Amino acid sequence: MKANTIVFDASMLILFPFFYYGLIRTLGRSRARAFAYGSFLFGLALETTFVICGLKNYYWYSINNYYKHYPLGGYIIWLGVVPLAALILWTITVASSYIIAESTAGKQNPYVRSSIAGCIALIFYLLAEPVGITNHWWVWNAKNFYFLDIPVFNLLYVFLAVFVFTLVYRATIMERKDTPALSTLEQRTLRKFFVKSKKATRNLTWPELRRVFLFRLALGCVTLGAVMTPIITVLWAVANRGHIKPGW
Amino acid sequence: MANKRIELEQYKSFINLIEEEPNRKMVKRGATIALIISILVALLLLVLGFISVELARNPKNILEKPSQSKKSAIPSVLSDESNDFPVLASEIPTSLGAEENNLIALNQKIKFPSMAPLYQQPGEVKITPQKPQTAPEGKASEETKTEKQKKKKKVLPLQTKGIGNLSNLARSISQRGFQLYLILLTAAIAIIGGIAIGRIRRERKSH
């Protein structure tokens with residue numbers, strides 16, 4: 001028996017409003033909104049990169065005969081080449097990991113908290129990936145080293161992505177910190193063109209703070225890409241499975 | 001008045017702290033809702049995983065192509081090149097002109113889809129297209145063969161082995177490896193979520 005994409009898609013679309021309601025009550029309206037669109041955009045950028053680079057695809061149901069039954073490739077809503085349901089799963093994972101990390105290790109330093117959040121997200125994805133792969137909700141194409149048919153780089157990516165996102169969100173939105181390592185870069189780019197203010201981050205208005213958050217997330221994406229590229233290359237070299245062409 | 005309006009405009013862009021710093025009761029409820037939903041998502045994945053156990057046991061499932069669309073009853077001449085369709089002797093008229101014979105000859109070369117055997121009737125003579133004769137193999141062709149074999153050896157299989165293969169897990173522990181794996185991870189998520197909810201409640205009581 002097969003759990004078709006429509007089951008996954010519909011259940012995600014039904015559960016997300018309740019989850020978001022809980023998130024609003026936990027973080028506050030604006031912060032929850034920032035968390036939701038931040039994680040959506042972050043996930044969308046990374047997933048789109050995966051699909052464009054031919055490492056992954058969501059099109060199994062949109063090929064040949066299935067197209068008659070699942071006109072949009074089984075998914076109701078697409079954001080470019082990535083279905084919304086996959087991003088909802090990502091957001092639920094990131095947010096619940098963040099809440100668990102904050103409640104269990106709230107007094108630890110931010111790196112420890114972010115690592116805990118990353119580990120919890122990893123457990124979530126170790127559960128979701130085999131189910132998704134078995135039912136062809138998504139297909140991994142990459143020539144790589146696989147564990148239970150999940151590419152190992154994906155497990156590392158989930159941990160690192162959640163680590164980076166949690167770190168950026170906590171530092172920017174919750175604590176409104178200035179990071180000395182980024183200050184020069186921010187002064188030369190963001191503060192010069194997009195946020196025309198030289199105030200400390202804690203004194204910025206909410207729209208300005210949102211811009212700082214998005215800028216830092218973009219930097220996080222680039223850093224993650226720079227870290228992941230050599231890892232993917234090394235795992236490519238010691239691969240135990242060949243490359244599957246996206247469209248067969 | 002104008003200054004007051006400007007102040008109010010500026011105030012709009014700041015976060016409403018009353019709204020943004022929800023009280024502890026609200027946070028507790030919100031976190032509980034969010035964590036219960038995430039546990040529900042894990043349970044949903046567990047159920048969907050249980051539904052698809054048989055698929056997980058099939059080692060070729062991951063590489064399985066989506067089923068091809070059904071061909072129409074009248075085969076399209078140009079659609080498929082992989083299968084040769086046998087021409088039935090009964091279909092060839094006995095008295096034919098040169099042009100018609102040429103058409104039949106052309107028809108023999110045309111390739112038809114895989115449903116061809118459906119058209120064959122018992123006792124009928126098949127006229128199968130002849131395969132082109134191959135040139136005798138020389139040393140050069142042997143060399144190319146060995147090169148091809150080497151290339152084939154280098155190409156990685158599309159099916160993983162050992163720990164890399166999900167079906168091995170699914171078929172282990174008396175065919176229940178995948179179920180146990182899913183139960184273990186769902187339980188881990190539920191326990192972690194439960195601990196977090198407990199911490200939030202205790203925190204509230206202590207304040």
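Author: Happy to! A polar contact here is a pair of N or O atoms within 3.5 Å, where one must be able to donate a hydrogen and the other to accept it. By that test, eight residue pairs, both at pLDDT 80 or more, are in polar contact between chain A and chain B. Please keep in mind that this is a predicted model. Salt bridges between chain A and chain B, on the other hand, come to zero.

Let's look at the side that chain A brings. Helices H1 (5–27), H2 (29–52), H3 (66–69), H4 (84–104), H5 (110–134) and H9 (206–237) of chain A, along with strand E5 (146–147), each supply at least two residues to the side that touches chain B. Of the elements of chain A, H1(A) gives the most to that side, with 12 residues. By type, the residues on this side of chain A are 36 nonpolar, 17 polar and nine charged.

As for extent, 62 residues of chain A are in contact with 61 residues of chain B. The area buried between chain A and chain B is about 5,600 Å², and carbon and sulfur atoms give 70% of it. In chain A, the residues that lose the most area to chain B are A:Arg25, A:Leu127 and A:Leu148, together 13% of what that side buries.

The side chain of A:Asn240 reaches the backbone nitrogen of A:Tyr146 at 2.7 Å. Because its relative accessible area is 18%, A:Asn240 counts as buried. The C-alpha atoms of A:Asn240 and A:Pro151 are separated by 9.8 Å, although these residues are 89 apart along the chain.

Chain B has eight helices and two strands, in the order α-α-α-α-β-α-β-α-α-α from the N terminus on. Of its 207 residues, 26% count as buried.

In chain A, A:Glu102 pairs with A:Arg113, with the closest N and O atoms 3.8 Å apart. This pair links helix H4 of chain A, which holds A:Glu102, to helix H5 of chain A, which holds A:Arg113. Both A:Glu102 and A:Arg113 are buried. A:Glu102 also meets A:Arg170 in a salt bridge at 2.6 Å, N to O. A:Arg170 lies in helix H6 (residues 152–174) of chain A, so its pairing with A:Glu102 in helix H4 ties together parts 68 residues apart in sequence. A:Arg170 forms a salt bridge with A:Glu175 as well, at 3.1 Å between the closest N and O atoms. With a relative accessible area of 18%, A:Arg170 is buried, whereas A:Glu175, at 28%, counts as partly exposed. Through shared partners, salt bridges join A:Glu102, A:Arg113, A:Arg170, A:Glu175 and A:Lys177 into one network.

Finally, the nonpolar packing. The largest nonpolar core has 98 residues, and those with the most contacts inside it include A:Phe35, A:Trp137 and A:Tyr157. H4(A) gives the most to this core, with 14 residues.

Terms used:
Residues are numbered from 1 along each chain as its sequence is written. Chains are lettered from A and ligands numbered from 1 in the order in which they are written. Side-chain values use heavy atoms; hydrogens and water are left out. Contact means heavy atoms within 4.5 Å. Buried area is the accessible area (1.4 Å probe) that two parts lose on being put together, summed over both. A salt bridge is a side-chain nitrogen of Lys or Arg within 4 Å of a carboxyl oxygen of Asp or Glu. Helices (H or I, at least four residues) and strands (E, at least two) are DSSP runs, numbered from the N terminus. Ala, Val, Leu, Ile, Met, Phe, Trp, Tyr, Cys and Pro count as nonpolar, Asp, Glu, Lys and Arg as charged, and the others, Gly among them, as polar. A nonpolar core is a set of buried Ala, Val, Leu, Ile, Met, Phe, Trp, Tyr and Cys residues joined through side-chain atoms within 4.5 Å. Buried means under 20% relative accessible area, exposed over 50%, partly exposed in between (1.4 Å probe, protein chains only).
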